[in-house]
Amino acid sequence: MTVFINGEVREISDGLNVQDLLRLLEMLDMRLAVELNGEILPRRLFGETKLAANDRVEIVHAIGGG
């Protein structure tokens, strides 16, 4: 199915949840925020939030510095 990740069209398998997507993108262990269709998604919901066709996912990775 087609989803939009940070503005780019991506084809992913049906039935993936947000946690699966982050694992696929090799971002699961990073400090990040996920917005799904304009709403910030709490990290505790990543594993239970299924993605649907044409969902818009924005992923922001926190980078530390000094």
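Strand β1 (residues 2-5) and strand β5 (residues 56-61) run parallel and are joined by 2 bridges, where strands are DSSP runs of E with at least two residues, helices are runs of H or I with at least four residues, both numbered from the N terminus, and two strands pair if DSSP finds at least two bridges between them. Within this pairing, I5 stands opposite V57 in β5. The model is a predicted one, in which local features need pLDDT of at least 70 and side-chain atom pairs count only at pLDDT 80 or more, while totals for chains, interfaces and linings use all residues. Residues are numbered from 1 along each chain as its sequence is written, and side-chain values use heavy atoms, with hydrogens and water left out.

**Sheet**

- The 5 strands form an open sheet with mixed pairing, in the order β2-β1-β5-β3-β4.
- Because β2 (8-11) and β4 (39-41) stand at the edges with a single partner strand each, one side of each is left without a neighbour in the sheet.
- Neighbouring strands of this sheet are turned by 35° against each other on average, direction ignored, the axes being lines fitted to C-alpha atoms (for helices over the stretch in contact) and the angles running from 0 to 180 degrees between N-to-C directions.

**Chain as a whole**

- The chain has 1 helix and 5 strands, which follow one another along the sequence in the pattern β-β-α-β-β-β.
- The radius of gyration is 12 Å, close to the 11 Å that the globule rule gives for 66 residues, so the chain is as compact as a globular protein of that length; this radius is taken over C-alpha atoms, and the rule is 2.2 Å times the number of residues to the power 0.38.
- Taken along the principal axes, the C-alpha atoms fill a box of roughly 40 × 25 × 20 Å.
- Of contacts (heavy atoms within 4.5 Å) between residues at least 6 apart in sequence, 55% join residues at least 24 apart.

**Surface and burial**

- The accessible surface comes to about 4,500 Å², and 49% of that area belongs to carbon and sulfur atoms, as computed by the Shrake-Rupley method with a 1.4 Å probe, where for residues only the protein chains shown count as cover.
- Of the 66 residues, 30% count as buried, a class that means under 20% relative accessible area, with exposed meaning over 50% and partly exposed in between (1.4 Å probe, protein chains only).

**Loop residues with positive phi**

- N6, in the loop between β1 and β2, has a positive phi of about 50° although it is not a glycine, and N6 is partly exposed, with a relative accessible area of 39%.
- N54, found in the loop between β4 and β5, is a residue other than glycine with a positive phi near 70°, and N54 is partly exposed at a relative accessible area of 49%.
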